[in-house]
Amino acid sequence: MNTRYLFAFLVVFVLFLVSWLGAAAGLGWLFGVVIPYAAVVVFVVGFARKVLSWAASPVPFAIPTTAGQGRSFPWIPQAKIDNPASNWGVFLRLLFEVLTFRSLFRNTRMRLKEEKLTYQLEIFLWVGALAFHYAFLTVLLRHTRFFLEPTPWCIQVLETLDSFFRVEILYPGVQFGLPAVYLSGFVLLAAVVYLALRRIVIPSVRYVSLASDYFPLLLIFGIAFSGILMRYVTKVDIRAVKELTLGLVTFRPTVPEGIGAVFYIHLFLVCTLLAYFPYSKLMHLGGVFLSPTRNLRGDTRAYRHVNPWNYPVPVHTYEEYEEEFRDKMVEAGLPVEKPLADAADEAAQEKE
Amino acid sequence: MKDKRWIVSGLVVFLLIVLFPFWYNRGRAVPPPEVKLTEKAKAEKECVLARDYMKAEHMQILDLWRETVVREGNRIYTNPKGREFVMSLSNTCLDCHSNKAEFCDKCHNYASVRPYCWDCHIENPKEAR
Amino acid sequence: MAEAKPTPQDVLHRIQHTPPRSDWMETPVEIRKGMYCYAANPKSVATLGLPHPHAWNPVEDDWHLPENWQQILHEGFKERLERFRSFKVFMDICVRCGACADKCHYFIGTGDPKNMPVLRAELLRSVYRNDFSRMGRLLGKVNGARPMSFEVLREWWYYLFQCSECRRCSLFCPYGIDTAEITIMGRELLNLLGLNIDWIATPVANCYMNGNHLGIQPHAFKDMIDFFVDDIEEKTGVRVKPRFMEKGADILFITPSGDVFADPGTYTAMGYLMLFHYLEEKYGLKVTWSTYASEGGNFGFFTSHETMKRLNAKMYAEAKRLKVKWILGGECGHMWRVIHQYMDTMNGPADFLEVPVNPITGTRFEQARSTKMVHLVEFTADLIHHGKLDLDPRRNDYLKVTFHDSCNPSRGMGFFEEPRYVIRNVCNHFYEMPANTIREQTFCCGSGAGLNAGENMELRLAGGLPRANAVQHVHRKYGVNMLACICAIDRAALPALMDYWVPGVQVTGVHELVANALNLPGQNERTTNLRGEEFEELMAQAEGQSDEG
């Protein structure tokens, strides 16, 4: 048993209980208005402060990880994205990093078998991460329908695409699939389960995982699960929900009657995620753009990078060096700045 | 420093995107749609099932009705109160709620829901007839 | 060594990559013989004026630390967070996805979980969370935060000197988190307490005072070069005439002093001398050596940014004093990371030098237009490309060569095609190792970043396992018998690695291969290579081997 994931699980469970009891106790204003506002403020302020604190530290040296042939002679083809020599190349490198997780795509798995090391392509983490992030993005974008009236056409297109795959089941006692199934929600749930299981099952990953690694996964699981529950199983009055959410973003908060507890649980978990975000590893969202090993050009010999705090340092000068070794240098036939005789004269003068 | 300008611009853009609903709506009031009941519907007092249930889960019962009619050929539905209905969107539902634009569409548009009912069913069978 | 070494097979079967049951924070570090380097000689630390020089022994329980050592570390940590965005961002954004875990050669070779790059960084991050994050301190161990203690310090020291700053992990990290950067910061912090290793501190002091890591004094340096001159004459019949600290020479040449001192680097140094002689005879190019700036390598890089700058300053200072046009750098690994990514920033701008132009081919080295220092291998590649060298690659026909990409030119420069181009032009038999072990994915020799001491041989052999294993693959498949590289530490470290893991494979610098193929004006029959081995015998042996195969 691992105290770290147990702890994370416990925290998420407590959050669930709190919001459930809160909703049951009729604390609609607290859970529907006060906490969401607070969470957004914490997120925005915390996020900005974190990014600005990173920006406050300079980048004294250009230290890109060069992942391909650097710019050399015209007759040697350069890896223009993996070792960029132009800002355009850096832009593409970051773009691929952020949109396609290019570095993670390189992932290999090392095996030691019969005295031989092999490194095979290991694509599952990449697939899982990609699925997770894109599903999450789609879910987020879809949710703008609760905050905008009318819902913009592009969001409607996204919804249509997301629900292209119809799954409708109707047996006595089992009815599922209306309203239309959004794939993104289920992909998100599956990906989050995969990422969590991977953390628990792979020994080396379990060994390095902290409570703060399990916590967001469990939290997002709770969010996705409650969302799916609300959409397909214990349905809520969507009109009332939108009234509440629109009220928040138009600064006319209201708490309509008749919204089920699942909604408040869902919302509270989302608020927790928002407020937790800036103080956690989830800030890799912003950090990936600021990583000096990825966002700098590789042509560091062609353009000088300036270090704002470059201070002078004590150096052992040539003069000091020659002073110490002049005799030996002259004897070995090495050229010197001051011939032995001159040096002797100077020494004599200084004595006087 | 040049990179700070980039970082701050990026941050501002990100926060603008995150806060898009707030500044896009600019605090204007967006009242929730008021669903209009026809005189006939008002007179009925209660739908096939309880009002709260119908609000959130009407699609479930429509789905059930379709299944029962199309697959089993059974056209009669008995609600828990023992009242019988002909299972028909056009002839039963739209009989009371003949004002689709003021009833169905209002909420569906508000919640950005596009039911596929109208892919097959015509909107106002009585007028079309 | 008196003790019997375990056989490679034993070692391979003993490696266990599954982590132990006990949580990493609860597993105390055991500073084990063979895995660590001796403590820095206080004299060397004092020579440089670095903080808290003192005698201490890593395996003892008292490291004679200053009273307020925790405060020193905390303040040092804070200062570095404020100075280096890399450090700050890397402390914050790791998600512990584990992609880096099996990328580290020390983890592959030892199976010690704290050699997984993510955990090596967590050693510092755990203290960061405690010292610089309120939430971190509040949650404590369950969230991976812990206060600095002597135990933690021991762990830092042990594992930060089991990282060769090769950056392989940073290639695979989705955010580019660079353990080398974290190790560099960690070692800077340790240096605030005088806790360096001697294999770094003493070379640094030597380099500072005498111009090179080995502490070779000017006359002795010249003696060694003269010895090579005799050697070259013996083998080729040509007496080369190296220049020393000659004012007004075209180019200043700087190479790691290891090339002057230890086999097989010495043959590479002879290669340099022969090439320069050829260029002077044929084209009148004047290249000068310097004893003041007689070190290309920079172990200051493994001590602190400041120390790196202090040692590196000599390159530009000497170029300025000698009024050369530009600087040429020999085959070295971390030296080239320092030159490529740090030198111009630290000690530039080098506006007293010219944009490097190869006077023989007319090529302008645009890639070095600001730093004004050219890699000898790119220089040679340019010469070969323009047909300016008279080469007879048949003299290398007994060799089946593979190329080991050194970490720093690979992931700190992207220097892949130039050496391959040169090798292909001077050798007829070249074979690549498997794709996941070369170029940007190359493995360290296991001895980089100042860890090529004698006392930590077990660590070095373990860290070199992935490289050796890949060499073994091409050795068995193609009969590869020569491992070429462009790094002095490689040339010092790989022979021991090969002897242990892949006997029968020798190590060479690229310019030894060049020199063996290079026809010097007025040369003799050339019946032996630079190592004095008869070509006839070598060819016969090689044919015998390929018949067997």
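Predicted model: local features only at pLDDT ≥ 70, side-chain atom pairs only at ≥ 80, totals over all residues.
1. Which chains share the most contacts? Of the two pairs of chains in contact, it is chains A and C that share the most. Chain B and chain C, by contrast, do not touch, and their nearest C-alpha atoms are 12 Å apart.

2. The contact between chains A and C takes 86 residues from chain A and 93 residues from chain C. On the chain C side, helix α15 (residues 305–322) of chain C gives the largest share, seven residues. By residue type, the side of chain C that touches chain A divides into 41 nonpolar, 27 charged and 25 polar residues.

3. Chain C itself is divided into two parts: domain 1 (8–30 + 51–195) and domain 2 (204–548). The C-alpha centres of domain 1 of chain C and domain 2 of chain C lie 33 Å apart.

4. Within chain C, the two domains meet through 18 residues of domain 1 and 22 residues of domain 2. On the domain 1 side, the elements that give two or more residues are α5 (105–110), α9 (168–172) and α10 (179–192) of chain C. Of these, α5(C) gives the most, with five residues. The residues on this side of domain 1 of chain C divide into seven nonpolar, six polar and five charged.

Methods
Residues numbered from 1 in each chain as written. Chains lettered and ligands numbered in written order. Contact = placed C-beta atoms within 7 Å. Helix = DSSP H or I, 4+ residues; strand = E, 2+ residues; numbered from the N terminus. Nonpolar A, V, L, I, M, F, W, Y, C, P; charged D, E, K, R; others polar. Domains from an automatic or database assignment.
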